[in-house]
Amino acid sequence: REAAAAGKGRQDFETVKEWTARMAWPVSDNFFQTYDFVRYGEGSISEKEATPFINEIQKLKENFLKKDV
């Protein structure tokens, strides 16, 4: 939602990997592994496993979705 509000949203046809590549956002392979596991897997992850994923999202927000003031 924040990305869409900033004009940087994901297209309906794009995967998350395609979207981040189009936006030239630096995202680790572990990010995609965690995303795919949570999105398509049948389990959950621990807080320890979630923390790096959440930190990457926060960095993307800070670096690429800042609102101009």
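**Entry 1: the whole chain**

I began by reminding myself that this is a predicted model. I counted the secondary structure next and found 4 helices and 0 strands. Reading along the sequence, I noted the pattern α-α-α-α. I then looked up the extent of the chain: its C-alpha atoms fill a box of roughly 40 × 25 × 20 Å along the principal axes. Of the 69 residues, 25% are buried. The accessible surface comes to about 5,600 Å², and carbon and sulfur atoms hold 51% of that. I also checked contacts with a separation of 6 or more, and 38% of them join residues 24 or more positions apart.

**Entry 2: helix α3**

I turned to α3, which covers residues 29-40 and so has 12 residues, by the way helices are assigned here. From first C-alpha to last, α3 reaches 16 Å, close to the 16 Å expected at 1.5 Å a residue. Which residues of α3 are buried? I found F31, F32 and T34. Looking down the axis of α3, I saw why they belong together: the buried residues fall within an arc of 165 degrees, so they line one face of the helix. On the face turned away from the buried side of α3, I noted the exposed residues D29, Q33 and Y40.

**Entry 3: what covers α3**

I asked myself what covers the buried residues of α3. The cover includes α2 (16-22) and α4 (47-64).

**Entry 4: the core**

I looked up the largest nonpolar core and found 11 residues, among them V16, W19, F31, F32, F53 and L60. The elements giving two or more residues to this core are α2, α3 and α4. I jotted down that in soluble globular proteins, nonpolar side chains tend to be buried together.

**Entry 5: A3**

A3 is also in that core, and I located this residue in helix α1 (residues 2-5). Is A3 buried or exposed? A3 is buried, because its relative accessible area is 9%, under the 20% cut-off. Setting aside neighbours within four places, I found A3 in contact with K8, G9, W19, W25 and L65. Last, I checked A3 against K59, 56 residues away along the chain: their C-alpha atoms are separated by 13 Å.

Key:
Residues are numbered from 1 along each chain as its sequence is written. This is a predicted model: local features need pLDDT of at least 70, side-chain atom pairs count only at pLDDT 80 or more; totals for chains, interfaces and linings use all residues. Side-chain values use heavy atoms; hydrogens and water are left out. The expected span of a helix is 1.5 Å times one less than its number of residues. Buried means under 20% relative accessible area, exposed over 50%, partly exposed in between (1.4 Å probe, protein chains only). The arc is that of the directions from the helix axis to the C-beta atoms. Contact means heavy atoms within 4.5 Å. A nonpolar core is a set of buried Ala, Val, Leu, Ile, Met, Phe, Trp, Tyr and Cys residues joined through side-chain atoms within 4.5 Å. Accessible areas come from the Shrake-Rupley method with a 1.4 Å probe; for residues, only the protein chains shown count as cover.
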